[in-house]
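Let's take a walk through this structure and stop at a few places worth a look. Have the model open as you read.

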Amino acid sequence: MDELKIMQTINYIEKNLPVKNWKINEIDFWPIFRIVTSLNLLKSKSKINNEIYEITKNPKEIPSLSHIFDDKDIDIIFLSDSQYRVKLNSIWYNRLSDPFYEISKRMGYKAINLDFSYQNAGKVPVIENTYSLQNQLIASQDLENLENLDLKLDRFEEVREKILYLTKDENDVPDISKVKWMATQILYWKERFREIILQKKIKSVFIVNYYQLISYALILAARELNIPSIDIQHGNQRSVYYHNWNSIPVNGFNTLPTYFWCWSKEHGLPIKTWVSKTERHDVVIGGNPWTEMWKNEESTLTKFYDQEVNKYLNNSNINILFTVQPLYPLVGWKYNIPNWVIEVIRVSPPNWKFYIRYHQQMLHKYKNEHDFCEKQLAEFITKRKVETLKATNLPLPALLKHVDIHITAFSTCVIEAKEFNVPSITLHDSSKLFFQKEIENGWVVEAKTKYEILQAIDKQKKFKEKINETIIDNSKTLFESTFFKIVDNIKSPNFDSGSLRKEILFSIYFTDQEFEKIVNNYEGTDSYKEALYVALAYKELGDLNNEMKFTIIALEKALKNRKKIKKRDILLFTNRLISEECFENYAEDFVSLIEERTGILGEIFKQFFDEQKYDQILKLCKYFNKLNLDSLYYSGRALIHKNNLVEALEKLKMYTLLYDNINETAITKSNNFIISAFFYMGKIHIEQKNNELAAESLKKCLEYSDGNHQKASELLKELF
């Protein structure tokens with residue numbers, strides 16, 4: 001979809017609707033909604049755009065998050081997705097955050113890297129002091145939406161409807177359910193980051209790509225504790241993410257970073273126009289340290305890769321680098337490499353060699369797109385007209401130092417190519433949004449057909465020959481001075497260590513399977529969650545006596561503060577204790593607790609029924625004085641499995657009589673359950689040789705199912 005149309009709608013909403021005041025609990029939510037929605041709208045709907053979304057466990061080579069607490073105090077955190085890692089010799093180096101990590105180390109600051117991946121990137125080994133968030137990331141995917149979310153989203157449906165005019169796909173614009181899920185994810189991570197910042201006395205956090213849920217959470221935690229967050233530029237800065245924030249509070253949004261680190265004034269200026277209206281956000285111009293690393297000709301690293309590139313690249317050829325992007329931003333394209341580009345390769349002179357470099361996401365999340373491109377290029381790879389493997393695996397700056405021309409749809413590589421005096425050719429309409437200045441001064445030529453590309457290559461060859469400028473290497477000084485200015489001006493935060501919560505620490509330990517650390521760190525506070533984690537840890541360690549002991553301790557603590565007991569913990573307590581003799585001691589309190597929480601009784605019964613725990617269902621039902629649909633239905637079904645058909649029939653009959661006359665939020669107050677109840681009543685009547693009543697029940701079953709219950713139809717035919 002056209003980004004201009006999206007921004008027009010966003011601008012209208014921000015000027016005319018109260019979105020800047022949107023909050024969910026403490027989260028300023030409009031930035032999240034704006035960006036998630038815009039990203040969905042910008043994605044191409046190509047048939048081969050099939051994402052591979054796989055979150056794997058923590059790599060053995062990288063310590064898990066829980067090990068961070070073994071370390072001493074930390075000054076700086078760097079948070080980044082491992083997709084930005086490139087292989088330098090034997091190490092996977094994060095080209096965006098690791099230069100910052102290295103300079104902080106040289107300046108005497110204690111820094112760590114927090115690494116994660118949604119794409120099963122598997123890039124190990126990595127630089128030292130790196131911790132993986134993968135185990136925690138997996139755990140977060142199974143979270144139920146928080147029960148106590150305070151949604152202040154004035155005119156939400158009106159905003160949603162205005163954006164839906166742009167798309168036919170309802171899923172592009174988050175509904176309330178999706179909004180709650182996002183808020184739950186952010187708050188889950190915010191609590192963990194908050195405890196890490198407090199316990200390790202962290203002074204600042206740097207983030208690669210601020211517009212991910214995990215990044216919002218770190219920004220929010222930093223803001224809450226009054227330490228700065230810095231977004232490191234990672235590529236083209238699209239308007240929907242970085243520009244044109246038309247309605248923003250003077251104190252800013254707590255889900256946007258304190259500083260935007262930009263590579264140049266050109267990148268920083270559009271951000272500066274709106275952050276200058278706030279007291280909380282700002283822009284810093286600090287250069288791109290990754291590209292500057294490669295301009296030092298005396299560097300051992302540079303010399304090594306010059307030799308590597310020269311093994312595959314003949315300087316007597318016209319060497320053309322094509323950086324291929326995933327399809328999702330390539331609106332209007334069916335393929336990552338259009339057929340007219342393939343034709344350019346086919347008709348090009350023998351001394352033209354094409355180096356096809358795939359975006360890192362195409363090696364993991366969009367692997368199917370990579371495979372499709374390889375089939376397109378197969379004949380040219382065989383003839384050595386095209387090279388893809390080395391072009392993708394070698395560091396981009398190492399290639400840019402040796403190629404003549406760069407071609408892309410509209411990749412950020414245009415900027416990096418210019419750094420190495422390599423002119424570009426862009427193929428997609430979106431390039432005007434990012435490279436208008438480069439188009440005007442000749443560094444970029446646009447081409448949309450085979451012949452335009454051939455002409456553009458000749459034009460850019462001549463342009464390169466005329467370049468006589470010498471790159472002035474002042475960015476290293478700029479980078480170091482800007483970084484020092486930011487971190488040196490940060491005051492040591494005055495944290496109250498007494499506010500640390502073991503519950504969060506134990507949650508991290510448990511997810512990382514550090515069970516002994518939970519047991520050894522328990523101090524017997526009033527928190528039922530801490531005691532519950534101890535019980536769960538003992539269970540994993542095989543100590544069932546202590547598991548039961550601490551489950552009871554946790555329950556007693558929970559019953560003292562009933563409103564704060566989480567629904568999933570009530571399920572856990574019930575599941576663990578219902579079969580024990582001690583349950584009798586807590587039955588009255590426990591049942592009243594369940595009755596206070598809407599809908600939870602049915603979930604407990606369903607869990608027991610799915611696990612074939614019929615005795616537990618019947619035992620729990622004994623303690624309920626008030627008739628309710630869930631207990632009647634599930635006790636009836638349990639009694640069938642216990643072969644007590646007389647009582648089963650009685651319970652199911654009572655359920656059907658109450659069904660239309662009781663107004664409650666039971667999970668069994670739905671068509672599927674009433675259909676099921678009449679069907680099983682029919683089967684019981686058949687078993688009891690009462691065909692008339694059986695027929696009556698089966699007809700009711702068919703009535704509620706609009707005649708679409710095959711087994712009921714078959715039984716009814718057998719009766720007559």
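Before we get to the strands, one convention: two strands count as paired if DSSP finds at least two bridges between them. Keep in mind, too, that what you're looking at is a predicted model.

With that in hand, go to strand 11 (residues 259-262) and strand 12 (residues 282-285). These two run parallel and are joined by four bridges.

Now back up along the chain for another piece of sheet. Here three strands make an open sheet, ordered 2-1-8, with antiparallel pairing. Strand 2 (27-28) and strand 8 (151-152) are the edges, each pairing on one side only. Strand 1 (residues 23-24) pairs with strand 8 over two bridges, in the antiparallel sense, and there you'll find I24 opposite L151 of strand 8. In general, strands of a sheet pair through backbone hydrogen bonds, whether parallel or antiparallel.

Next, a couple of loops. S247 sits in the one between helix 8 (239-242) and strand 11. Is S247 buried or exposed? Its relative accessibility is 11%, and because the cut-off for buried is under 20%, S247 counts as buried. As for its surroundings, leaving aside residues up to four places away in sequence, S247 touches E14, K20 and F253. With E14 there's something polar to see: a polar atom of the S247 side chain lies 3.4 Å from the backbone oxygen of E14.

The other loop runs between helix 10 (289-293) and helix 11 (300-310), and K295 is found in it. K295 has a relative accessible area of 17%, so this lysine is buried as well. What does the side chain of K295 pair up with? Look for E419: the two side chains are joined by a polar contact of 2.6 Å.

Last stop, helix 27 (residues 614-621). This helix is mostly covered, with six of its eight residues buried. The buried ones are Y614, Q616, I617, K619, L620 and C621.

Definitions and conventions. Residues are numbered from 1 along each chain as its sequence is written. This is a predicted model: local features need pLDDT of at least 70, side-chain atom pairs count only at pLDDT 80 or more; totals for chains, interfaces and linings use all residues. Side-chain values use heavy atoms; hydrogens and water are left out. Buried means under 20% relative accessible area, exposed over 50%, partly exposed in between (1.4 Å probe, protein chains only). A polar contact is a pair of N or O atoms within 3.5 Å; within protein, one must be able to donate a hydrogen and the other to accept it, and residues adjacent in sequence count only if both atoms are side-chain atoms. Contact means heavy atoms within 4.5 Å.
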